[in-house]
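Please keep the structure open alongside the text.

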Amino acid sequence: MAFNSVRIAMIWPWAKTAAQSAGIATAADVTTQWFMNKGNVPEIATSKAGVSTNLDMRRAASIGAFGFFYSGGLQRLIYQKFDASFGTKATMQVVAKKVAADSFLHGPILYVPAFYMVTGLLQGKSLDEAFGRLCVMYKDTVATYLMIWPAAMFGLFWAVPESRRIVTLACLAFGEKAVYSMMELNRQNSSELVVSVDVRIDEVQKFAALEVNSVASEKEALASGGFQEGLIW
């Protein structure tokens with residue numbers, strides 16, 4: 001019984017932090033979807049209150065799950081490894097090493113690929129589809145990561161205690177997740193627009209072809225009728 005109490009006491013702080021990270025990440029995606037959909041009133045199903053009802057909750061849940069397991073678990077372990085490797089002193093040299101490791105190793109090599117692969121698979125995409133999504137979004141996401149995080153990480157490693165890092169990170173990541181969601185939704189909307197335009201062009205071409213064929217048929221019918229009338233006369 002005492003052993004179980006000790007295990008719960010050890011696991012609970014991690015689970016609590018992970019749950020907070022998941023909630024913040026989910027809220028960021030839902031908020032972004034709502035604002036992105038708000039401008040498309042004619043195409044969006046709305047409730048009586050005027051709030052968009054077509055939010056992709058599976059997508060939001062996938063980002064929340066990533067926030068729980070990766071940000072709340074694996075990422076915390078990685079930052080603890082940074083402490084063990086570079087030290088825990090809040091000096092310029094130590095903090096700069098941690099920021100460099102996060103910006104140029106952890107982010108591009110592990111965090112960004114894991115984000116798109118895990119959330120893609122949880123959203124029901126195949127392995128190939130999730131990998132294709134990663135390839136399409138990778139360059140822009142890494143560039144955004146390098147713009148957002150180095151300064152924030154410097155403050156995080158400099159001033160925030162280890163036990164509070166993930167919650168603080170999750171609060172800062174609200175904006176990050178919103179930016180990533182906005183980037184992907186914009187790309188999806190652009191793709192859908194291109195497909196819609198292609199379909200419309202195809203429909204117009206088919207209609208034009210039918211009109212040409214119809215006119216040609218009418219001309220042939222008139223010519224045939226005139227020839228027959230000439231034979232009768």
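In helix H4, the residues that count as buried (under 20% relative accessible area, with exposed meaning over 50% and partly exposed in between, for a 1.4 Å probe and protein chains only) are Ala130, Arg133, Leu134, Met137, Thr141, Val142, Thr144, Tyr145, Trp149, Met153, Leu156 and Phe157. An α-helix has 3.6 residues a turn, so residues three or four places apart point the same way. The model is predicted, with local features requiring pLDDT of at least 70 and side-chain atom pairs counted only at pLDDT 80 or more, while totals for chains, interfaces and linings use all residues. Residues are numbered from 1 along each chain as its sequence is written, and side-chain values use heavy atoms, leaving out hydrogens and water.

**Overall make-up**

- The protein has five helices and zero strands, where helices (H or I, at least four residues) and strands (E, at least two) are DSSP runs numbered from the N terminus.
- Read from the N terminus on, the order of the elements is α-α-α-α-α.
- Of the protein's 233 residues, 33% count as buried.

**Bends and helix ends**

- Helix H4 spans residues 127–159, and although it has 33 residues, its end C-alpha atoms are only 40 Å apart, short of the 48 Å that a straight helix would reach, the expected span being 1.5 Å times one less than the number of residues.
- H4 bends by about 50° at tyrosine 138, a bend being the angle between axes fitted to the seven residues ending at a residue and the seven starting there.
- Helix H3, residues 92–122, bends by about 60° at glycine 107, with proline 108 following within four residues; after H3 comes glycine 124, whose phi is positive, near 95°.
- H2 bends by about 30° at glutamine 75, and just after H2, glycine 87 takes a positive phi of about 105°.
- At the start of H2, a side-chain oxygen of aspartate 56 comes to within 3.3 Å of the backbone nitrogen of arginine 58.

- Rolling a probe the size of a water molecule over the atoms shows where empty space is left.
- The count comes to one cavity of 30 Å³ or more, a cavity being a set of points, on a 1 Å grid over the protein atoms alone, where a 1.4 Å probe fits but cannot get out.
- The largest cavity has a volume of about 120 Å³, that volume being the space filled by probe spheres set on the points, with grid points joined across faces, edges and corners.
- Its lining consists of 15 residues, of which Ser71, Tyr111, Ala173, Glu176 and Lys177 are the closest to the centre of the largest cavity; lining residues have an atom within 4 Å of a point.
- The elements that give two or more residues to this lining are helix H1 (2–38), helix H2 (57–86), H4 and helix H5 (165–232), and H5 gives the most, with five residues.
- By residue class, the lining of the largest cavity divides into nine nonpolar, four polar and two charged residues, with Ala, Val, Leu, Ile, Met, Phe, Trp, Tyr, Cys and Pro counted as nonpolar, Asp, Glu, Lys and Arg as charged, and the others, Gly among them, as polar.

**Individual residues**

- Tyrosine 111 lies in helix H3 and is buried, with a relative accessible area of 3%; its C-alpha atom is separated by 8.5 Å from that of tyrosine 70, 41 residues apart along the chain.
- Alanine 173, in helix H5, counts as buried at 10% relative accessibility, and its C-alpha atom is 9.3 Å from that of isoleucine 148, 25 residues apart in sequence.
- Serine 62, in helix H2, counts as buried because its relative accessibility is 2%.
- The side chains of serine 62 and glutamine 123 are joined by a polar contact of 3.0 Å, meaning a pair of N or O atoms within 3.5 Å of which, within protein, one must be able to donate a hydrogen and the other to accept it, with residues adjacent in sequence counted only if both atoms are side-chain atoms.

Note on methods: On a 1 Å grid over the protein atoms alone, a cavity is a set of points where a 1.4 Å probe fits but cannot get out, and a pocket is an open set with protein on both sides within 12 Å along at least five of seven lines; lining residues have an atom within 4 Å of a point.
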